[in-house]
Amino acid sequence: MSGMIDIVYAEYNYWIYVTLMMIGFYAMIAKKNLIKKVIGANIFQTAIFLFYISLADVTGGTAPIIVGHGGEHAEHAADVIYTNPVPHCLILTAIVVAVSTTAVALALIIRIYNEYGSLEEDVILAARRKLQPEFSEHARQKGVAEVSEQ
Amino acid sequence: MSKIQESVIIRTVVRIMVPFIELFALYVIMHGASGPGGGFQGGVIFGAAIILYAMIYGIANGKKKMSDSLDRILASTGLTIYAATGLACIAFGGMFLQYRAVPLLSDPAQVSKYLIDLVEIGIGITVLAVMISLFFDISPPEPEVEEAEE
Amino acid sequence: MKTLALVVVLITGAMLIYAGHDLPAFGDINSTAYQAPMTQYFIEKSVPESGVPNIVTALLASYRGYDTLGETAVIFTAGMAVMLLLRRRET
């Protein structure tokens with residue numbers, strides 16, 4: 001029994017990230033609201049970030065900034081352990097891409113809401129199916145009506 | 001105008017804090033080479049300062065601080081600084097972004113350090129401009145223009 | 001439909017937990033990723049080669065500089081895309 005607890009303790013970071021990932025994945029595939037889907041995607045991405053950063057960690061290690069550069073604390077420089085810098089760098093890239101995708105997704109959602117008046121997937125799909133044959137004609141007439149209102 | 005925007009405490013604190021947040025953002029960008037920080041982080045902090053101001057004092061006053069045309073110019077300037085640094089390395093006979101090929105100082109590692117700082121500044125400018133433009137694009141239109149309190 | 005989604009999610013989670021047993025323990029200094037020659041090279045050579053004590057910045061701007069240029073282009077493109085989608089016409 002204690003062996004089991006040791007195994008779980010040594011790998012508890014994986015349990016946490018798998019739990020977070022399951023929450024995000026469930027929100028992405030089960031929720032009908034588009035905003036909730038985007039939130040789920042963000043939770044999913046955060047789980048992946050956590051996974052990578054926890055892989056980079058080393059017990060007793062410090063942040064990957066060289067100690068002793070420029071003469072400060074140079075006496076400690078020899079016996080410092082650094083955590084793995086490569087996953088940090090990868091995740092810095094991934095965070096920026098996550099921000100970009102979230103921004104574009106939210107902009108698209110705002111446009112969808114302006115067009116269909118709803119964020120529910122069912123309503124949007126039903127409206128699209130109804131409009132499909134003359135969709136472009138409908139959009140053109142809507143634009144003409146808006147311009148004439150102004 | 002919502003209730004939170006009328007609060008004297010919030011308006012005063014925001015007016016006092018915004019310059020310090022901007023200063024901290026510049027510190028983070030310039031300190032990216034020798035400590036925790038970098039262009040992405042500093043750019044986001046600088047953008048957050050302007051976004052905070054625009055949230056409390058209104059979008060119209062925020063656009064006085066950072067107009068749409070300035071935003072567009074800054075967004076492309078940062079990317080141009082980055083690409084121009086890479087092309088300058090080609091001009092001095094190196095490969096794209098091979099910083100040590102630029103014969104500015106005697107020590108190639110020092111040249112590399114200063115060019116990395118330049119690249120970080122370029123990243124920071126692009127990120128801050130894009131963050132502010134994302135906020136202004138997604139924010140709803142404001143009916144009336146109110147004057148900033150001095 | 002929600003039950004099906006829950007089942008799929010739970011199966012995926014169970015598979016990932018099972019696969020996690022093969023990954024190194026939390027904070028293991030003998031993990032393959034940490035002992036890889038490339039990681040040790042970056043830790044030892046980033047200051048003499050790029051002059052930057054922050055290894056993550058050295059990696060981001062120097063060793064992976066081309067990738068970061070693309071990344072900056074990605075965020076610039078995202079800003080432009082949102083502008084195209086949402087910007088109201090200036091009348």
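Reader: What share of the residues in chain A is buried?

Author: A residue is buried if 20 or more other C-beta atoms lie within 10 Å of its own, exposed if 12 or fewer, and partly exposed in between, with C-beta atoms placed from the backbone. In chain A, buried residues make up 19% of the 150 residues. Please bear in mind that this is a predicted model, where local features need pLDDT of at least 70, side-chain atom pairs count only at pLDDT 80 or more, and totals for chains, interfaces and linings use all residues. Residues are numbered from 1 along each chain as its sequence is written, while chains are lettered from A and ligands numbered from 1 in the order in which they are written.

Reader: How many helices and strands does chain A have?

Author: Helices (H or I, at least four residues) and strands (E, at least two) are DSSP runs, numbered from the N terminus. Chain A has six helices and zero strands.

Reader: How many residues of chain C are in contact with chain A?

Author: Two residues are in contact if their C-beta atoms, placed from the backbone, lie within 7 Å. Here 38 residues of chain C meet 38 residues of chain A. On the chain C side, H1(C) gives the largest share, ten residues.

Reader: At what angle do H2(A) and H1(C) pack?

Author: Axes are lines fitted to C-alpha atoms, for helices over the stretch in contact, and angles run from 0 to 180 degrees between N-to-C directions. Helix H2 (residues 12-30) of chain A packs against H1(C) at about 155 degrees, and their axes are 9 Å apart. The pair is therefore roughly antiparallel, a label for angles over 145 degrees. Among the residues making this contact are A:Trp15 and A:Phe25 of H2(A) and C:Leu6 and C:Leu16 of H1(C).

Reader: Which residues have the most contacts inside the largest nonpolar core?

Author: A nonpolar core is a set of buried Ala, Val, Leu, Ile, Met, Phe, Trp, Tyr and Cys residues joined through C-beta atoms within 7 Å. The largest has 58 residues, and B:Val127, B:Val130 and C:Leu59 have the most contacts inside it. H6(B) supplies the largest share of this core, 15 residues. Leaving out residues up to four places away in sequence, B:Val130 touches B:Ala75, C:Ile75, C:Phe76, C:Ala78 and C:Gly79. Another core, of 13 residues, lies apart from the largest one and includes A:Val18 and A:Phe25.

Notes:
Angles under 35 degrees count as roughly parallel, over 145 as roughly antiparallel, 65 to 115 as roughly perpendicular and the rest as oblique.
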